Amino acid sequence: MQQIVFLDSDTLDAGITLHHPDFPHHWQSYPRTTPEQVVERLKDASIAIINKVRIGAAELAQLPELKLIALAATGSDNVDLEACRAANVGVCNIRNYSGPSVPEHAMALMLALSRNLFCWRQSLLEGRWQQSGQFCFFDHNIMDLHGKQLGIIGKGTLGQALGERAKGMGMTVRYAQSQVGASHDEDRLPLDELLQ
């Protein structure tokens, strides 16, 4: 029977329902796991589910039963991918995770910064409307996103979704050229040029 161990389940919102696989398995979930607890908790596991916990070569060397690390996130920077390849341990992550949420949040932050919302809010709390005499004041600059250029590093699901939203706001969107393989897309620029 497969042993599945989730090492840091508290990194997910309590409202998220995890669907267990339909093959015979034993599921063990821990709210959080310290680096010192990783090997002990995974010693009999064939599948590890992690979000923020780090797993590297030292841990993998002590986990001969481990066959798969499933990341409960999109990134994989907390896993030594080369050590996993060498140990024949598969690694997968969540695809299309937060597809609408991340690009919408990025747009919200751009709007907040371009409109100087935090400064305007503070001025309102300090009574600047009332103090102005004519109920208008011009303490903080604002700018439109329309007509601006947005450089995005990464043209995956999230990068493309952000680009679509930005284009909808009238922005020109460019992406960094891929580090893997040549890309001749018109909307791609070398990273140095994109940053300028």
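Tutor: Let's go through the cores, a strand pair and one serine. It's a predicted model, so local features need pLDDT of at least 70 and side-chain atom pairs pLDDT 80 or more, while totals for chains, interfaces and linings use all residues. Residues are numbered from 1 along each chain as its sequence is written, and side-chain values use heavy atoms, leaving out hydrogens and water.

Student: Which residues touch the most other members in the largest nonpolar core?

Tutor: Leu7, Leu42, Ile50, Ile55, Leu60, Leu66 and Ile69, out of 19 residues. A core here is a set of buried Ala, Val, Leu, Ile, Met, Phe, Trp, Tyr and Cys residues joined through side-chain atoms within 4.5 Å; buried means under 20% relative accessible area, exposed over 50%, partly exposed in between (1.4 Å probe, protein chains only).

Student: And what is Ile55 in contact with?

Tutor: Skipping neighbours within four places in sequence, Ile55 contacts Val38, Leu42, Ile50, Leu60, Ile69, Asn78, Val79 and Asp80. Contact means heavy atoms within 4.5 Å.

Student: In what sense do β6 and β7 pair?

Tutor: Parallel, over four bridges; pairing takes at least two DSSP bridges. Gly151 has Arg174 in β7 as its bridge partner.

Student: Last one: why does Ser123 count as buried?

Tutor: Because its relative accessibility is 5%. Ser123 sits in helix α5, residues 117–125.

Notes: Helices (H or I, at least four residues) and strands (E, at least two) are DSSP runs, numbered from the N terminus.
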